[in-house]
Amino acid sequence: MSDYTLDTIVGWAKRKGFVYQWSSIYWWLANAWDYWPYWSQLRKNILDARWQFFVQEQANIHWLEGAILMHPKVWEASWHVGGFNDPLVDDKKTGERFRADKLIEDRIEEQRSQRTDKEILDYYATTYQVNNLTPDSWTLEQQHAFLVGEKVKNPKSKKEADWTDVRKFSLMMSTKLWVIDSESNKVWMRPETAQAMFVNFKNVIDTTRAKLPFWLAQVGKAFRNEITPGNFLFRTREFEQMEIQMFLPSELSEEQFTTFQKMSWEFWEKRIGITPEKLRNRDHDDDELAHYCKQARDFEYKFPRGRWELQWIHDRTDFDVKAHQEYSWQNMMYSDPHTGDRFIPHVVELSMGLSRTVVTVMLDAYDEETYTDSNGKEQTRIVVRFHPSVAPVKCAILPLIKKDEKQVEIAHELFAKLTKTMTCEYDEWWAIGKRYRRQDEIGTPYCITIDHQTLDDQTVTIRDRDSMEQKRVALSEITDYIAL
Ligand code: ATP
């Protein structure tokens with residue numbers, strides 16, 4: 001199981017064409033990125049895996065694409081306007097700005113290596129009068145008292161800080177619609193994709209044969225004015241979410257909650273290959289729950305700097321649809337075709353960050369390995385052990401001798417054949433060992449080499465990325481051999 005720092009992953013991702021610094025030919029903004037060839041393919045593969053598992057393989061689910069700019073009333077009904085805030089604190093010594101709750105979470109995480117949660121909480125409860133270890137549920141005053149009382153340092157300068165009061169900071173980003181530049185033309189850039197599904201749920205019922213319970217799924221960009229973007233792509237201002245809303249005829253049962261949890265585990269572990277020992281579930285304390293939420297279960301991954309949220313399952317009750325009915329004055333009731341009962345459905349949500357998932361997959365797969373080569377010499381290699389379903393390149397096609405026209409011809413034919421069903425790379429440059437290394441570094445599961453023997457017996461070697469073993473396989477059997 002690998003355990004590398006985020007800096008190592010950032011360096012590798014930049015070197016290998018996964019990400020580039022945002023608008024890098026001009027001056028760049030820190031913690032903002034452009035996504036490049038291998039990232040784009042990795043992202044697409046993760047998205048496809050999610051789509052296959054949660055949409056294609058399920059009955060009664062519909063895929064939606066809502067607009068990024070929605071009617072401003074949507075965000076009033078959802079309580080985002082005025083209510084979607086993070087606690088912000090400045091270090092008066094340097095003028096730098098941080099999220100107070102994240103500073104506190106980092107301190108708690110540090111202390112977890114020395115004391116149990118109960119010991120930590122007992123001490124905080126008497127010193128700061130808090131009753132849980134989830135600082136975003138504490139008052140702003142409690143957060144400030146903690147930062148000062150625990151002498152939390154400025155994480156950038158690593159020096160003692162002089163903290164201002166903790167204040168609320170709106171995460172909502174806006175733009176203007178129509179030609180006149182006035183405040184009344186302000187619209188919000190969506191901070192989550194979920195609302196399009198609540199607003200459109202009645203349209204789906206009216207235009208499809210959907211009956212409760214049914215699910216709606218969506219993928220798309222969301223925008224948040226994050227105070228402290230960072231930790232590579234873990235927290236950015238512009239990111240992608242993959243959200244699913246399940247509309248239910250009655251309150252969410254414990255059994256359904258467990259089913260969604262199990263499905264999520266299967267997706268993380270089996271479909272995209274995340275190391276299960278690094279994943280855990282965490283239930284939200286009552287005073288940590290969002291205002292619309294009855295119960296919430298996070299999926300957290302053990303990142304190098306702590307356990308952070310990747311996805312959550314949220315029991316949103318009937319809050320959202322009810323709120324939109326109230327604000328829009330439209331009838332949003334579901335009418336049961338069998339009983340004639342009319343009611344507002346309950347909703348359970350699976351919300352997952354796509355960009356965060358891509359980073360997690362990269363971090364989880366990255367490895368540096370020492371091995372002994374065929375000459376008995378010790379070598380090291382970077383090998384990125386992507387699950388084959390998400391690897392950006394599934395197989396590399398390598399003619400051994402570039403000058404051998406026959407080898408090159410066969411390699412081109414093979415490339416044309418395999419690329420009908422998978423992403424492949426053709427590479428004829430440099431010694432074969434170097435080419436293998438290059439593929440290991442971008443996580444390609446298989447390398448296919450066309451050599452002298454291929455011309456005689458129509459077989460190739462297929463090298464396995466993880467074991468580095470090579471097997472001879474007939475050209476006609478390659479597709480079966482590497483069935484992904
Ligand atoms: P956090 O506590 O990390 O700020 P959150 O609880 O505000 O996250 P949600 O509102 O639950 O996040 O959003 C759902 C999912 O969207 C999260 O689980 C996460 O994967 C992703 N996400 C949220 N904010 C960001 C961001 N700024 N950058 C990348 N992904 C994000």
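How far is an oxygen atom of the ligand from an N or O atom in the side chain of Glu 309? The distance is 2.7 Å.

The model is predicted, so local features need pLDDT of at least 70 and side-chain atom pairs count only at pLDDT 80 or more, while totals for chains, interfaces and linings use all residues. Residues are numbered from 1 along each chain as its sequence is written, and side-chain values use heavy atoms, with hydrogens and water left out.

**View 1. Side chains facing the ligand.** A polar side-chain atom of Arg 235 is 2.7 Å from an oxygen atom of the ligand. For Arg 99, the distance from a polar side-chain atom to a ligand oxygen is 3.5 Å. Alone, the ligand exposes 600 Å², of which the protein buries 90% (Shrake-Rupley method, 1.4 Å probe).

**View 2. The shell around the ligand.** Two or more residues each come from β10 (238-248), β13 (306-317) and β16 (346-353); strands are DSSP runs of E with at least two residues, numbered from the N terminus. Strand β13 gives the most, with four residues.

**View 3. Helix α1 (residues 6-15).** The helix, a DSSP run of H or I with at least four residues, has Leu 6, Ile 9, Val 10, Trp 12 and Ala 13 buried (under 20% relative accessible area, 1.4 Å probe, protein chains only). Seen down the axis of α1, these buried residues fall within an arc of 170 degrees, so they line one face of the helix; the arc is that of the directions from the helix axis to the C-beta atoms. Asp 7 and Arg 15, on the face turned away from the buried side, are exposed (over 50%).

Conventions
Polar contact = N/O pair within 3.5 Å; in protein donor to acceptor, adjacent residues only side chain to side chain.
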